[in-house]
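Welcome, and thanks for taking a look at this model with me.

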Amino acid sequence: MKGIIVGGGIIGLSLARAFHKLGYEIVLIEKGFLGRGASWSAGGMLAPQAEGLTGVMLEFCLQSREMYKNFVKEIELDTGDDVGFWECGIVYPAFSKEDEDILKKKIYYYTKSGLKANWYTREDFENAGYILGNQIIGGAFFPDDKQVDNRLLVNALVKYVKSSGITVMERTTVIRVNVDKKKFKSVTTDKGDISGDFCIIAAGAWSSEIYDTKVFPVKGQMISFKQQKGELDKIFYSKKAYIIPRKNSNIIVVGATEENVSFRPENTVGGIFVLLKGLLETFPKFKDREFLDKWYGYRPATADGMPIIGKTDVDNLYIATGHYRNGILLAPITTKILVDLIHRDEKNHFLDSFNFFRFIES
Ligand SMILES: Cc1cc2nc3c(=O)[nH]c(=O)nc-3n(C[C@H](O)[C@H](O)[C@H](O)COP(=O)(O)OP(=O)(O)OC[C@H]3O[C@@H](n4cnc5c(N)ncnc54)[C@H](O)[C@@H]3O)c2cc1C
């Protein structure tokens, strides 16, 4: 069986690896370079609780968070790379009484659902050695939220797909999908047609350029700066900014803006100002640190904030996109439910909630 995967982000790369391991002939097509889309730009937080998720998205994201340790372990074994997986936990600081009330409600909701979540006062943080901005009155701690270094992870996946016999076509743009009698036949690229038995569209924020998926981009800007190695041992996440120390590293990354500006490129003065303000209101002590880098990316968003995964209106044409703010977190479970669907003909119950047809007018 020959499968074509369009898009070499974390979703396309994970799918390519999984199907290749099952013995499929895989062609992975990427318009730029593998792993340099949103999956490169992201923060790498595995954070269903800090994100404040509820309902089916919470359930889906929790299952994927649970799968992460094994997911990275297998990739690390395959490649010999350390991908910076770190069970560091996430603190959500409260800057006002209103924040405190909202966070305490979250703690109540999550603990009632059997998840770990605690409230710490400012004094508790001070006693643990944190020197916080003076507006912070306390914070929620979600010990089971964690992180992976998304750049190390996509690099490891790229290493795998390039050394495993998968056909990788970089700098090749898929222009359209060709269908005959409602059945997938081939894709047309700027380098010619490629036929296959099935195709999965995993083209992130650009998916609607290939097929009418109703996915749109939400731009996010990020920055990084230097810390002394080990200085910050947890992620601090709030509406102002999230501050992510990398494992065994002197790098801290800070994100991210949320901008509905289509594919407008570049970092902006306003975007970077927001991030620096959030950083310094959380940790004023980082004011004199060396600034390292700035970048931006496009989250693949949908109207209801949930992904689109599964079958389309064409036989053997599948989709895995719209992961919005949680695509790094959701790579393991997205891969699993598509493998179950295509390889085992097993339909996971999540496919109902994330189905392609919910945005298609009948
Ligand atoms: C600033 C920012 C911070 C984020 N932080 C987090 C976080 O902390 N945790 C988390 O879980 N998620 C986070 N996300 C979200 C996450 O990055 C995305 O949901 C995820 O990377 C989507 O993966 P993907 O593979 O679908 O898309 P991408 O990584 O964007 O990959 C899609 C690929 O498809 C290619 N492509 C597009 N069109 C074509 C075509 N026509 N032909 C061939 N190839 C094509 C693109 O070039 C691209 O390489 C963040 C996103 C951003 C932007």
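Leaving aside neighbours within four places in sequence, Ile 243 is in contact with Ile 235, Phe 236, Ile 252, Val 254, Leu 279, Thr 282 and Phe 283. Here, two residues are in contact if their C-beta atoms, placed from the backbone, lie within 7 Å.

Before going further, a word on the source: this is a predicted model, in which local features need pLDDT of at least 70 and side-chain atom pairs count only at pLDDT 80 or more, while totals for chains, interfaces and linings use all residues. Residues are numbered from 1 along each chain as its sequence is written.

**The core**

The largest nonpolar core has 108 residues, and Ile 243 is listed with Val 6, Ile 200 and Val 254 as having the most contacts inside it. Helix 6 (residues 150-163) provides the largest share of this core, 8 residues. A nonpolar core is a set of buried Ala, Val, Leu, Ile, Met, Phe, Trp, Tyr and Cys residues joined through C-beta atoms within 7 Å. A residue is buried if 20 or more other C-beta atoms lie within 10 Å of its own, exposed if 12 or fewer, and partly exposed in between, with C-beta atoms placed from the backbone.

**The chain as a whole**

Buried residues make up 48% of the 362 residues in the protein chain. The secondary structure comes to 10 helices and 19 strands; helices (H or I, at least four residues) and strands (E, at least two) are DSSP runs, numbered from the N terminus. Along the principal axes, the C-alpha atoms fill a box of roughly 65 × 40 × 40 Å. A compact globule of 362 residues would have a radius of gyration near 21 Å, and the 21 Å of the protein chain agrees with that. This radius is taken over C-alpha atoms, and the globule rule is 2.2 Å times the number of residues to the power 0.38. Among contacts with a separation of 6 or more, 72% are between residues 24 or more positions apart.

**Domains**

The protein chain is divided into domain 1 (2-79 + 150-214 + 303-359), domain 2 (90-143) and domain 3 (216-301), with bounds that come from an automatic or database domain assignment. The C-alpha centres of domain 2 and domain 3 lie 21 Å apart. Their contact takes 9 residues from domain 2 and 10 residues from domain 3. On the side of domain 2 that touches domain 3, the residues divide into 7 nonpolar, 2 polar and no charged. In this scheme Ala, Val, Leu, Ile, Met, Phe, Trp, Tyr, Cys and Pro count as nonpolar, Asp, Glu, Lys and Arg as charged, and the others, Gly among them, as polar.

**Around the ligand**

Where does the ligand lie relative to domain 1 and domain 3? Both domains give residues to the shell around the ligand, so the ligand lies between them. In total, 45 residues surround it, the closest being Gly 9, Gly 37, Gly 204, Gly 220 and Gly 327; a residue is near a molecule if its C-beta atom, placed from the backbone, lies within 6 Å of it. The shell divides into 20 nonpolar, 19 polar and 6 charged residues. Helix 1 (10-21), helix 2 (38-41), helix 7 (207-210), strand 13 (216-226) and strand 17 (291-301) each supply at least two shell residues. Strand 17 gives the most, with 4 residues.

**Some individual residues**

Ala 47 sits in the loop between strand 3 (45-46) and helix 3 (55-79). Beyond its neighbours within four places in sequence, Ala 47 is in contact with Ile 90, Asp 145 and Tyr 237. With the same exclusion, Asp 190 is in contact with Thr 172, Thr 173 and Ile 175, and Asp 190 is found in the loop between strand 10 (183-189) and strand 11 (192-195).

The table sets out how surrounded several residues are.

| Residue | C-beta atoms within 10 Å | Class |
|---|---|---|
| Ala 47 | 28 | buried |
| Asn 316 | 18 | partly exposed |
| Arg 358 | 14 | partly exposed |
| Asp 190 | 10 | exposed |
| Glu 266 | 9 | exposed |

Finally, some backbone angles. Most residues other than glycine have a negative phi. Glu 266, however, has a positive phi of about 85°, and Glu 266 lies in the loop between strand 16 (251-255) and helix 8 (269-282). Phi of Asn 316 is also positive, near 65°; this residue is in the loop between strand 18 (308-311) and strand 19 (317-321).
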